[in-house]
Amino acid sequence: MLEQLKLLKSEAEIEIAAATDLKTLNNLRVKYLGKKGPMTEIMKQMGKLSAEERPKMGSLANEVRTALTEAISEKQTILEEEAINEKLKSETIDVTLPGSKPSIGTSHLLTQVVEEMEDMFIGMGYKIAEGPEVELDYYNFEALNLPKDHPARDMQDSFYITENTLLRTQTSPVQARTMEKHDFKNGSIKVICPGKVYRRDNDDATHSHQFTQIEGLVVGENITFADLKGTLTVLAKTMFGEEREIRLRPSFFPFTEPSVEMDISCFKCGGKGCRVCKGTGWIEILGSGMVHPNVLEMSGIDSTRYSGFAFGIGPERVAMLKYAVDDIRHLYTNDLRFTKQFQSTETGEI
């Protein structure tokens, strides 16, 4: 038994010293000092010894157990310190290295176009007006000179929620609400109404069931068609270049009279004719006109004293024309290969 204890102590100390990680060390603890380990087996044999030998062997067995326990404890301390040092080494930060600039997001192309137009109109003294996207039929149609039996309602196939509520087909209802609440003691009305609009349309390269619109409205005393033309000229030159010219063609909209559509001279060919302008030298861009007297009267405004003009433009169309985007769906599908081409700079340019 004496030889067994000496051999056990020697083998155990060699293995403990060779342990390279805490898991291995714990396995050695179980192997030598566990309930099924050799130390336990030796202690069980003590009962077979004589009364004289038992105290000696018991003392020696306790010395071996104590020595192995201390060796394991010392090794555990060493391995834990090594693990901490390794972790600290891996987590060391060199504060002298230059910082890495994080990648930050940027405004979407459509947002940039909308904000560019908003900035332009705010600079001209306009205010931004907003209204609900779920609108009453009255404000979406009737207050804009389109009673329930008006054939022009077919021009805008709508998403009705109830008989009298729908997803707005235009931002013109915001104009009607603005006129209804306005007090001319505070000056003329001069607002733009940007926002989402909805129409029952099949999605393709040039159409979408949900898109954006910016409508403008000016109402006051002595507002003339010349004021409308001047405003549209500034809009065209700001968005498409100082060399742009405009032309106005007669058209029909129920809420304006007279009504016109505005074309701009082709920015691709300068008016000579190309694929972009379909050989005409002109590109249709928006609809506009003088506010119909019926619309003024329905909003409680005296049409014999006040007059005004209105216009509506689609930011998607502006973006597609200005930046040669061939499919409106690119503006909504969140394809980073597309959106990263139009990252805004710190100066706000595209």
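Predicted model: local features only at pLDDT ≥ 70, side-chain atom pairs only at ≥ 80, totals over all residues.
**Stop 1**

Is Asn 222 buried or exposed? With a relative accessible area of 67%, Asn 222 is exposed.

Now select Ala 324, in the loop between α10 and α11 (336-339). Ala 324 also is not a glycine, and its phi is positive at about 55°. Ala 324 counts as exposed, at 67% relative accessibility.

**Stop 2: the whole chain**

Zoom out and colour the chain by domain. The domain assignment gives domain 1 as residues 1-91 and domain 2 as residues 109-340. Taken over C-alpha atoms, the centres of domain 1 and domain 2 are 87 Å apart.

For another view of the distances here, pick the C-alpha atoms of Tyr 32 and His 292. These two residues are 260 residues apart along the chain, and 100 Å separates their C-alpha atoms.

**Stop 3: Tyr 32**

Go to Tyr 32 itself, in helix α2 (residues 22-33). Tyr 32 is buried, at a relative accessible area of 4%. Which residues is Tyr 32 in contact with, leaving aside its neighbours within four places in sequence?

- Leu 8, Glu 11, Ala 12 and Glu 15
- Gly 37, Pro 38 and Met 39
- Leu 68

**Stop 4: where α5 meets α10**

Next, show helix α5 (residues 109-123) together with helix α10 (residues 315-322). Two packed helices are described by the angle between their axes and the distance between the axes. The axes of α5 and α10 come within 9 Å and cross at roughly 105°. Angles of 65 to 115 degrees count as roughly perpendicular, and α5 and α10 are therefore roughly perpendicular to each other.

To see the contact, display the side chains. From α5, pick Leu 109, Leu 110, Val 113, Val 114, Glu 116 and Met 117. From α10, pick Pro 315, Glu 316, Val 318, Ala 319 and Lys 322. The residues of this contact divide into 8 nonpolar, no polar and 3 charged.

**Stop 5: aromatic rings**

How many aromatic pairs does a search of the whole structure find? The search finds 8. Start with Phe 121 and Tyr 126, an edge-to-face pair with 5.1 Å from centre to centre and 65° between the planes. Phe 121 counts as buried at 0% relative accessibility, and Tyr 126 is buried too, with a relative accessible area of 4%.

Compare Phe 184 with Tyr 306: their ring centres are 4.0 Å apart and their planes lie at 15°, so this pair is stacked. Phe 184 is in the loop between α7 (172-181) and β5 (189-198), while Tyr 306 is in the loop between α9 (293-298) and β10 (307-313), so the pair ties together parts that are 122 residues apart in sequence. Phe 184 and Tyr 306 are both buried.

**Stop 6: helix α7 and its cover**

Select α7, where 7 of the 10 residues are buried, leaving the helix mostly covered. The buried residues are Ser 172, Pro 173, Val 174, Gln 175, Ala 176, Thr 178 and Met 179. What covers them? Show β2 (134-136), α6 (137-140), β5, β6, α9 and β10, which are included in the cover.

From here, select Ser 299, in the loop between α9 and β10. Ser 299 is buried, at a relative accessible area of 9%. Leaving aside neighbours within four places in sequence, Ser 299 is in contact with Ala 176, Met 179 and Glu 180.

**Last stop: a cis peptide bond**

Finish at Glu 257 and Pro 258, which are joined by a cis peptide bond with omega at about 0°. Pro 258 has its place in strand β8 (residues 256-265).

Technical notes
Residues numbered from 1 in each chain as written. Heavy atoms only, no water. Axes fitted to C-alpha atoms, helices over the stretch in contact; angles between N-to-C directions. Helix = DSSP H or I, 4+ residues; strand = E, 2+ residues; numbered from the N terminus. Parallel < 35°, antiparallel > 145°, perpendicular 65-115°, else oblique. Contact = heavy atoms within 4.5 Å. Nonpolar A, V, L, I, M, F, W, Y, C, P; charged D, E, K, R; others polar. Domains from an automatic or database assignment. Phe/Tyr/Trp six-rings, centres within 6.5 Å; stacked < 30°, edge-to-face > 60°. Buried < 20%, exposed > 50% of the residue type's maximum accessible area, 1.4 Å probe, protein only.
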